[in-house]
Amino acid sequence: MCKYLLFLSCLFWTVKCNAQTESRPFIVVLGVAQDGGYPHAGCEKECCVKAHKMPTNGKYVASIALVDPLHEKWWLFDATPDFADQLHLFRSISDKRYNYLPDGIFLTHAHIGHYTGLMQLGREVMNTKGVKTYVMPAMLKFLKENGPWSQLVSLNNIELVPINSEGGNNGFVNLCKEHGIGVSPVIVPHRDEYSETVGFRIKAGGRTCLYIPDINKWGKWTHDIVEEVAAVDVALLDGTFYKGDELPGRNISEVPHPFVSETMQLFMQKSDDKTRAKVHFIHLNHTNPLLWDKRKQAEVEGRGFHLATQGQFFEL
């Protein structure tokens with residue numbers, strides 16, 4: 001019932017998506033929550049009670065799809081714990097126009113919300129053959145040398161495709177020359193216990209989307225985030241926490257994401273309305289009031305920013 005209601009909540013995007021993206025590449029948001037999803041395991045506070053009582057309030061873990069309707073291909077960014085439901089969601093939104101499995105999966109890093117959905121490709125479930133999985137060097141090594149992921153490699157359930165943020169054209173992965181569709185990884189600072197962490201610049205049809213669901217404070221990055229957003233058309237940025245008091249009893253410095261409040265302040269000081277309008281916050285922790293608090297949501301929108309929504313699409 002929960003999955004059915006969640007599907008219904010995205011139906012109105014289906015008509016819009018089919019009507020306006022007949023040939024132009026586009027991006028679909030398949031999830032907006034932090035790694036644990038919403039509602040969150042072990043949470044009995046009001047934030048998650050709201051989602052348990054009203055299943056349509058639930059959200060899948062952050063993930064997006066890049067779609068090439070002209071050639072009927074699509075690529076998934078991050079394989080989340082909600083992988084199975086997100087495949088179904090995309091198939092429903094796209095009216096079964098595309099293959100059930102993506103033509104490739106791009107992984108940002110080795111935290112549980114971003115790669116563990118790969119298990120669904122193993123012989124216990126789909127037993128796939130050679131699903132292209134685009135990975136940075138340390139991520140490739142991690143998957144090849146650690147079970148159960150190594151079994152996906154040895155049984156050819158997935159085909160690891162190495163990518164790099166360095167070298168020619170900044171590691172650009174050309175997916176379709178005709179439409180100029182391609183992806184460039186960009187290293188970002190994060191807790192890299194098992195692999196490096198990247199965001200992605202996604203290009204198509206002369207437009208660009210910046211996808212950074214996980215990063216430490218913006219000041220730790222070698223790039224200027226305001227300049228980065230100004231240079232693209234859409235930016236899906238880490239919005240894990242609204243501010244620093246959401247995890248009482250835990251050391252917030254251990255999860256040093258940029259707070260939404262900090263990001264807004266930075267952009268209010270250093271950018272114009274046009275740049276701020278490109279920002280869509282994604283990867284929201286279950287404690288983040290932007291998941292349920294309409295007043296907070298209106299505050300963010302009122303300052304010229306946006307919240308990514310499940311089922312939303314962006315034409316490129």
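Which residues form a nonpolar patch on the surface?

1. The model discussed here is a predicted one. On its surface, the nonpolar patch is made up of Tyr100, Val125 and Met126, and together these residues have about 240 Å² of accessible area. Tyr100 belongs to the loop between helix H4 (83-93) and strand S4 (104-106). Its relative accessibility is 34%, so Tyr100 counts as partly exposed.

2. The loop that holds Tyr100, between H4 and S4, is also the place of Asp95. Asp95 is not a glycine, yet it has a positive phi of about 55°. Asp95 is exposed, and its relative accessible area is 58%. A second residue with a positive phi, and likewise other than glycine, is Asn156, where the angle is near 60°. Asn156 is found in the loop between H7 and S6 and counts as partly exposed at 40% relative accessibility.

3. Cis peptide bonds are the next topic. One runs from Tyr38 to Pro39, with omega near 5°. Pro39 sits in the loop between strand S1 (26-31) and helix H3 (46-53). Another cis bond joins Gly147 and Pro148, and here omega is about 0°. Pro148 has its place in the loop between H6 and H7. As background, most peptide bonds are trans.

4. Helix H6 (residues 137-145) has four buried residues, namely Met139, Leu140, Phe142 and Leu143. Viewed down the axis of H6, these buried residues fall within an arc of 165°, so they line one face of the helix. The cover over them includes helix H5 (112-115), strand S5 (131-135), helix H7 (149-154) and strand S6 (158-162).

5. Glu46 has a relative accessible area of 57%, and it forms a salt bridge with Lys50, with the closest N and O atoms 3.4 Å apart. Glu46 and Lys50 are separated by about one helical turn, because they are four residues apart in helix H3. Lys50 is partly exposed, with a relative accessible area of 29%.

6. How many salt bridges does the structure hold? There are twelve salt bridges in the structure. One of them brings together the side chains of Glu315 and Arg24, at 3.4 Å from N to O. Glu315 lies in strand S14 (residues 313-315) and Arg24 in the loop between helix H2 (11-20) and S1, so the pair ties together parts that are 291 residues apart in sequence. Glu315 counts as partly exposed at 29% relative accessibility, and Arg24 is partly exposed with a relative accessible area of 34%.

7. The side chains of Lys217 and Glu262 also meet in a salt bridge, at 2.9 Å from N to O. This pair links distant parts of the chain, 45 residues apart: Lys217 is in the loop between strand S10 (207-212) and helix H8 (225-230), and Glu262 is in helix H9 (residues 260-270). Lys217 counts as partly exposed at 24% relative accessibility, and Glu262 is partly exposed with a relative accessible area of 31%.

8. The C-alpha atoms of Val28 and Ala65 are separated by 5.1 Å, although the two residues are 37 residues apart along the chain. Apart from neighbours within four places in sequence, the contacts of Val28 include Ser63, Ile64, Ile93 and Phe313.

9. Thr275 is a residue of helix H10 (residues 273-276) and counts as buried at 8% relative accessibility. Its side chain is joined to that of Asp272 by a polar contact of 2.9 Å. Leaving aside neighbours within four places in sequence, Thr275 is in contact with Val226, Val229, Ala230 and Phe267.

How values were computed
Residues are numbered from 1 along each chain as its sequence is written. This is a predicted model: local features need pLDDT of at least 70, side-chain atom pairs count only at pLDDT 80 or more; totals for chains, interfaces and linings use all residues. Side-chain values use heavy atoms; hydrogens and water are left out. Buried means under 20% relative accessible area, exposed over 50%, partly exposed in between (1.4 Å probe, protein chains only). Helices (H or I, at least four residues) and strands (E, at least two) are DSSP runs, numbered from the N terminus. The arc is that of the directions from the helix axis to the C-beta atoms. Contact means heavy atoms within 4.5 Å. Patches are made of residues with over 30% relative accessible area and no salt bridge: like charges are joined within 9 Å, nonpolar side chains (Val, Leu, Ile, Met, Phe, Trp, Tyr) within 5 Å. Accessible areas come from the Shrake-Rupley method with a 1.4 Å probe; for residues, only the protein chains shown count as cover. A salt bridge is a side-chain nitrogen of Lys or Arg within 4 Å of a carboxyl oxygen of Asp or Glu. A polar contact is a pair of N or O atoms within 3.5 Å; within protein, one must be able to donate a hydrogen and the other to accept it, and residues adjacent in sequence count only if both atoms are side-chain atoms.
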